[in-house]
Amino acid sequence: MILEGDTSQVVAMADVAQKLRQTRWRLKHHRALAPLDMLGKRQQRRFCDGRPVDRHHFFKHSRGFLWFLMCNLLISGGSGGAEAQLLINVQNQGGEVIQESITSNIGEDLITLEFQKTDGTLITQVIDFRNEVQILKALVLGEEERGQSQYQVMCFATKFNKGDFISSAAMAKLRQKNPHTIRTPEEDKGRETYTMSSWVQLNRSLPITRHLQTICAEAMDATYVRDVDLKSWAALPGSSISSLEAATEKFPDTLSTRCNEVSSLWAPCLCTLETCIGWYPCGLKYCKGKGAGADSSGAQQQQQQTNYRCGIKTCRKCTQFTYYVRQKQQCLWDE
């Protein structure tokens with residue numbers, strides 16, 4: 001045993017031991033450290049402990065290599081916070097199987113759910129828990145034979161109720177025992193309708209959520225919001241109705257004609273877009289168990305019932321958006 005007063009002896013012994021280890025290591029790798037032939041002659045093959053080694057042998061067995069790995073892990077891990085992803089096979093109401101990707105970012109407190117419908121439409125749902133904002137982005141393939149571009153993108157920002165989806169932290173803990181299983185939801189939440197009232201100016205959308213400008217960059221003139229949601233966000237700490245309204249532009253008040261009632265492709269109208277999320281974790285399940293209690297003296301008392309997490313509740317939900325378009329050409333699916 002070495003006493004606290006013998007600190008200098010401890011340091012000296014540690015230095016000797018360290019130098020001894022370094023000497024043994026260099027002797028063991030002596031052949032691998034042989035210098036290159038600087039005269040351009042053919043390099044001799046290197047061996048270490050009787051094994052042929054490549055020219056990176058020294059680096060791979062050095063502390064520098066360890067630091068190299070650690071730095072790369074830190075750089076890759078620090079780019080967007082800790083993320084966890086699940087790939088879920090979901091059967092829709094038509095009996096077709098689609099694959100959902102659900103990503104949880106704990107650092108940003110975000111959940112992203114993405115899937116592609118059988119008609120090619122790409123749906124992205126982003127939930128920003130901090131700002132209580134839900135963004136639904138739809139990338140719809142165009143009908144080029146009818147004069148449309150290859151695709152068009154729409155974004156809809158709505159108020160998110162925290163009880164509608166499990167938290168990003170709980171989502172990150174989910175694992176699948178059998179990733180090939182086809183999932184069906186336990187509960188169908190039906191259809192929810194949203195009548196949008198304004199465009200969002202993405203370059204001024206920071207008061208809503210900073211993620212809106214990046215997620216909806218391709219929907220510069222097709223990002224929508226409701227007045228009722230602006231008022232709800234204004235009640236949150238640090239927000240104001242003036243800053244929120246400054247990020248929006250209201251639709252014309254006179255228009256009330258649905259696109260399926262308009263004949264001209266160039267006339268403005270009210271478009272309807274519906275999408276369904278076939279499977280998502282909408283809540284946590286709690287089971288009852290028994291745990292033994294104890295009084296102040298430590299004696300065991302009668303067992304008490306306790307609740308613990310034992311799974312998730314899964315749901316299905318459809319959403320219908322009604323919004324203004326400047327031309328029916330931007331809403332050919334609603335006929």
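Cys-287 and Cys-310 are joined by a disulfide, with an S to S distance of 1.9 Å. The model is predicted. The torsion about this S-S bond is about 80°, so the link between Cys-287 and Cys-310 is right-handed. Cys-287 sits in strand E14 and Cys-310 in strand E15. The two are 23 residues apart, and the pair links distant parts of the chain. Cys-287 is partly exposed, at 27% relative accessibility. Cys-310 is also partly exposed, with a value of 37%.

Strands E14 (residues 269-294) and E15 (residues 300-325) hold another pair, Cys-276 and Cys-318. A disulfide connects these cysteines, S to S 2.0 Å. The link of Cys-276 and Cys-318 is right-handed, with 100° about the S-S bond. Cys-276 and Cys-318 are 42 residues apart. Cys-276 is partly exposed at 23% relative accessibility. Cys-318 has a relative accessible area of 6%, under the 20% limit, and therefore counts as buried.

A further disulfide is formed by Cys-155 and Cys-216, whose sulfur atoms lie 2.1 Å apart. Here the torsion is about -95°, so the disulfide is left-handed. Cys-155 belongs to strand E8 (residues 151-159). Cys-216 lies in the loop between helix H5 (212-215) and strand E12 (223-225). The pair therefore ties together parts that are 61 residues apart in sequence. Cys-155 and Cys-216 are both buried.

Across the whole structure, the search finds six disulfides. With the bonded cysteines of the chain numbered in sequence order, the pairing reads 1-2, 3-4, 5-12, 6-11, 7-10, 8-9.

Terms used:
Residues numbered from 1 in each chain as written. Predicted model: local features only at pLDDT ≥ 70, side-chain atom pairs only at ≥ 80, totals over all residues. Heavy atoms only, no water. Disulfide = S-S within 2.5 Å. Helix = DSSP H or I, 4+ residues; strand = E, 2+ residues; numbered from the N terminus. Buried < 20%, exposed > 50% of the residue type's maximum accessible area, 1.4 Å probe, protein only.
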